[in-house]
Amino acid sequence: MTASHAVAPDRSGHPRVGPLIRARRRQVGMTLQALCDAAGISVGYLSQVERDLATPSLGTLAQIAQSLDVGIDYFIATPSLEDGITRDGERERFQVDGSSCVYERIAADFAGNTLSSFVMTVPPGFVSETVSHEGEEIIYVLEGSLTQSLDGHRSVLNAGDSMHFRGNRPHAWANHTKKPVRLLWTGTLAMFRPRAVRPIQPSPQTARPAKPRREKKS
């Protein structure tokens, strides 16, 4: 199939390409004009695509996908049940550059999804900055004691406690105890694009020895 072939509208009940493009664009905070400039298409055409009044060719869809930092299959592939399952002890653990918190992603990344979700480990003494943003968040404490600040009001959340709030309210959180805090964070904020995260390397005790390379015969 070449780039001149159009992507047919999905008539099987799956989300259509146009709304998925619009949802992803809004998720990453791009305007119509910014996406058009990056993808090399006109605002009028992209507006028609997002409203399903025009169907992009594979070539154009590839340009849009690249500008939105996803693969083309993000818009045309259907996730399987297994894609949405994570296993305890098998999830990749990572850190954001400059942060000592450890994250385990438990939400799937499929076309049109609006939720992000992580199991977080907050080290003793950690204090976050105060932020506000679009969307909403839910925090559920699994272990330990977390101090959550919302609109300047502090609440201590212990294991089993939760808080649900709008992201546009200034908020911050801290671990003022001497033990790590584990919590489940879920929200509609798009978090942690691949360039921002740093995988945690396994310790020497758990790392598997590398297999010796075989020299190719000339």
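Tutor: The account below begins with the helix pair H2 and H3 and then turns to other parts of the chain. The model is a predicted one.

Helix H2 spans residues 32-39, and its axis lies 9 Å from that of H3, with an angle of about 110° between the two. The two helices are therefore roughly perpendicular to each other, since an angle of 65 to 115 degrees is counted in that way. On the H2 side the contact is made by Leu-32, Gln-33, Leu-35 and Cys-36, which meet Val-43, Leu-46, Ser-47 and Glu-50 of H3.

Within H2, the buried residues are Leu-35, Cys-36 and Ala-39. Viewed down the helix axis, these buried residues fall within an arc of 100°, so they line one face of H2. An α-helix has 3.6 residues a turn, so residues three or four places apart point the same way. The cover over the buried residues of H2 includes H3, together with helix H1 (17-27) and helix H4 (58-67). Just after H2 comes Gly-40, whose phi is positive, at about 75°.

Apart from neighbours within four places in sequence, Glu-50 is in contact with Gly-18, Pro-19, Ile-21, Arg-22, Arg-25 and Leu-32. Of these, Leu-32 is one of the H2 residues that take part in the contact with H3.

In soluble globular proteins, nonpolar side chains tend to be buried together. The largest nonpolar core here has 18 residues, and Met-120, Val-122, Ile-139, Leu-146, Trp-173 and Leu-183 have the most contacts inside it. At least two residues of this core come from each of strands S3 (116-122), S4 (136-143), S5 (145-150), S7 (162-166) and S9 (181-187).

Some loop residues complete the picture. Asp-69 is located in the loop between H4 and helix H5 (73-76). Although Asp-69 is not a glycine, it has a positive phi of about 65°. With a relative accessibility of 29%, Asp-69 counts as partly exposed. Asp-151, in the loop between S5 and strand S6 (153-158), likewise has a positive phi, near 55°, in a residue other than glycine. The relative accessible area of Asp-151 is 44%, and this residue is partly exposed. Arg-87 lies in the loop between H5 and strand S1 (93-96) and is partly exposed at 45% relative accessibility. The C-alpha atom of Arg-87 is separated by 8.8 Å from that of Ile-106, a residue 19 places away along the chain.

Methods: Residues are numbered from 1 along each chain as its sequence is written. This is a predicted model: local features need pLDDT of at least 70, side-chain atom pairs count only at pLDDT 80 or more; totals for chains, interfaces and linings use all residues. Side-chain values use heavy atoms; hydrogens and water are left out. A nonpolar core is a set of buried Ala, Val, Leu, Ile, Met, Phe, Trp, Tyr and Cys residues joined through side-chain atoms within 4.5 Å. Buried means under 20% relative accessible area, exposed over 50%, partly exposed in between (1.4 Å probe, protein chains only). Helices (H or I, at least four residues) and strands (E, at least two) are DSSP runs, numbered from the N terminus. Contact means heavy atoms within 4.5 Å. Axes are lines fitted to C-alpha atoms, for helices over the stretch in contact, and angles run from 0 to 180 degrees between N-to-C directions. Angles under 35 degrees count as roughly parallel, over 145 as roughly antiparallel, 65 to 115 as roughly perpendicular and the rest as oblique. The arc is that of the directions from the helix axis to the C-beta atoms.
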